[in-house]
Amino acid sequence: MSEAAQQKVEVNNAPVTATQRMANLVSLAKRRGFVFPASEIYGGLNGFWDFGPLGIALKNNIRDTWWRDMVECPPIGPDGSPLSIVGLDSAIIQNPKTWVASGHVAGFADLMSDCRETKGRYRADHIVCTEIQFKKGDNVKSLGWLSTLDGDEAEANLAKKAKKMIQKSGGGEIVPFDITKAIPFTSLSESQRALVIGPDAENPGTLTEPRKFNLMFETYTGVFQNEDSRAYLRPETAQGIFLNYKNVLDSSRVKVPFGIAQIGKAFRNEVTPRNFIFRTREFEQMEMEFFCPPDDAKMWYEFWVTTRLKWWEERIGLSKAKLQRREHDSDELAHYSTACADVEFQYPFSEPKFGELEGIAHRGNFDLTQHSQHSKTNLEYFDQENNKKYLPHVIEPASGLTRGVLAVLCDAYEYDASRASPEWLRIKPSLAPIKAGVFPLVNKDGMPEMAEKIYLELRQSFTCQYDAKQSIGRRYARMDEAGTPFCLTVDGDSLKDSTVTVRHRDTASQERVNAGQLKAYLNEKLA
Ligand code: GAP
């Protein structure tokens, strides 16, 4: 997002565009303690973010829902019986041979291009270009290829730059061009690339030829830092699962088909981290490898794509209209993969397009084959019933937990200038960081005592917050911004009839509920 877009749009000036909505959300996320730039007091570190008190609560709630729905209470399979999926927490740093076998050392790379003029560094496949030509008589001359980064405002950026370039060239006859048909930098010929004006540059031909850049973070184990001690921070949680497939088979009573699930940190030295917490260099994944007989893999692939799309909608509460399934084209597939589909979400910065939230890949037996060969360990499964040995095939639903937090925040952000609290987060109540705010209307006449008693009781079952500071309107506004679905206010009547006001976040409507019934009331609403 551009710097101008980062500035918060005034609250009495409704955020009309997606860019404004995103800017307001980033601002709210910081102001209310969801997400902070990492090491901010030292100027931050590009691609790293910290989750504040509300952010960690929201992240944990999404994480726990995934774990519950994958491991503790997995889906019912196509034959009507519950699936068998077990959990795992493997080390972030594994033997480096892991990443040779998985193909990451040789191939986990992005194409990168540097700008000699601005010293900027870009993912080459993220640069889009359009050619500007100048006509003099019958002579047509190229003024160069303008470029910008794909995504938010690419067309507007190119149009603005084209206008400037035409002015700079002293006017004249510019050959009409179609900015909507911008071409990826990587699809141009080498001679065309040599004419490109970098996304932030003034002169043509300053972008270097795209070259491969491995995304794995390197480190060293032990006291000597050399080739032999080189290790990697894992770029995905998946490989730890394949390394433990045999351990799990030998130690648990699982039989194919079964799954192993893992949640944890992953690290990628992304060339251009961007769009808030969408693409970061440290993030969390929720991955599950489902091992199945080769002949059933197609059926399980379809099962998991459908199940995962439904999960984001029904369990996480993302709007159906902002979710879609996108099948990968054959040229997008990894060489080992026979099919892959993404669950995509319409983020404000991708509008009207969609961006990846989760990928479901049919990995065949690639990983088990590779690890069998490289470790010289037989990873075949013995199917006792049919008396045969085979390497199971794998279907992998792989999602980003931190990206999930982003999708929830984007989908939840609401603005209504006519409300006393114009900004609020319509987070699904069961995922909300705080389930109920408890307030005394005023700090006298026994109200704080009653409110505190209610708070102390309710917090045993729900995440609650007691707040007695400032006006009741201000307190409602604070809770709305935190996405708290219910506010419980003790007033003068509460002391007489033991009822409290329950205020609803999304409608600002109020009702009276008996104080003794509050736990049952919240349980029902949060179910
Ligand atoms: N094991 C397969 C795998 O890692 P992936 O598509 O590279 O597949 C899975 O990653 C998910 O992890 C993505 O759908 C996305 O949600 C999340 N993810 C990947 N790279 C990310 C990054 N740099 N920042 C945040 N989330 C990321």
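## The Glu396–Arg363 pair

Glutamate 396 comes out as buried, because its relative accessibility is 5%, where buried means under 20% relative accessible area, exposed means over 50% and partly exposed is in between (1.4 Å probe, protein chains only). Arginine 363 is buried too, with a relative accessible area of 4%. The two form a salt bridge whose closest N and O atoms are 3.1 Å apart; a salt bridge here is a side-chain nitrogen of Lys or Arg within 4 Å of a carboxyl oxygen of Asp or Glu. Arginine 363 sits in strand β18 and glutamate 396 in strand β21 (residues 393–400), so this pair ties together parts that are 33 residues apart in sequence. Helices (H or I, at least four residues) and strands (E, at least two) are DSSP runs, numbered from the N terminus.

A word on the model: it is predicted, so local features need pLDDT of at least 70 and side-chain atom pairs count only at pLDDT 80 or more, while totals for chains, interfaces and linings use all residues. Residues are numbered from 1 along each chain as its sequence is written, and side-chain values use heavy atoms, with hydrogens and water left out.

Glutamate 289 belongs to strand β15 (residues 282–292). Setting aside residues up to four places away in sequence, its contacts (heavy atoms within 4.5 Å) include both Arg363 and Glu396, along with Phe242, Phe258 and Ile395.

## Other salt bridges

The structure has 36 salt bridges in total. Aspartate 480 pairs with arginine 503, closest N and O atoms 3.0 Å apart. Aspartate 480 is in helix α14 (residues 472–482) and arginine 503 in strand β27 (residues 499–504), so the pair ties together parts 23 residues apart in sequence. Both aspartate 480 and arginine 503 are buried.

Lysine 453 and glutamate 457 also make a salt bridge, at 3.8 Å from N to O. Both are in helix α13 (residues 447–458), four residues apart, or about one turn of the helix. Lysine 453 counts as exposed at 56% relative accessibility, and glutamate 457 is partly exposed at 49% relative accessible area. Elsewhere, Arg326, Glu332, Asp342 and Glu344 are joined in a salt-bridge network.

The largest nonpolar core has 63 residues, and Ile62 and Trp304 touch the most other members. By nonpolar core I mean a set of buried Ala, Val, Leu, Ile, Met, Phe, Trp, Tyr and Cys residues joined through side-chain atoms within 4.5 Å. Beyond its neighbours within four places in sequence, tryptophan 304 contacts residues including Met70, Leu83, Met288, Phe290 and Ile395.

Helix α11 (residues 366–375) has Phe366, Asp367, Leu368, Gln370, His371 and Ser372 as its buried residues. Among the elements covering them are α8 (238–243), α9 (245–251), β15 and β18 (355–364).

## Around the ligand

Of the 20 residues around the ligand, Glu236, Glu270, Thr280, Glu287 and Glu356 come nearest, where being near takes a heavy atom within 4 Å. A polar side-chain atom of glutamate 356 is 2.5 Å from a ligand oxygen, and a side-chain N or O atom of glutamate 236 is 2.7 Å from a ligand nitrogen.

Definitions and conventions
A polar contact is a pair of N or O atoms within 3.5 Å; within protein, one must be able to donate a hydrogen and the other to accept it, and residues adjacent in sequence count only if both atoms are side-chain atoms.
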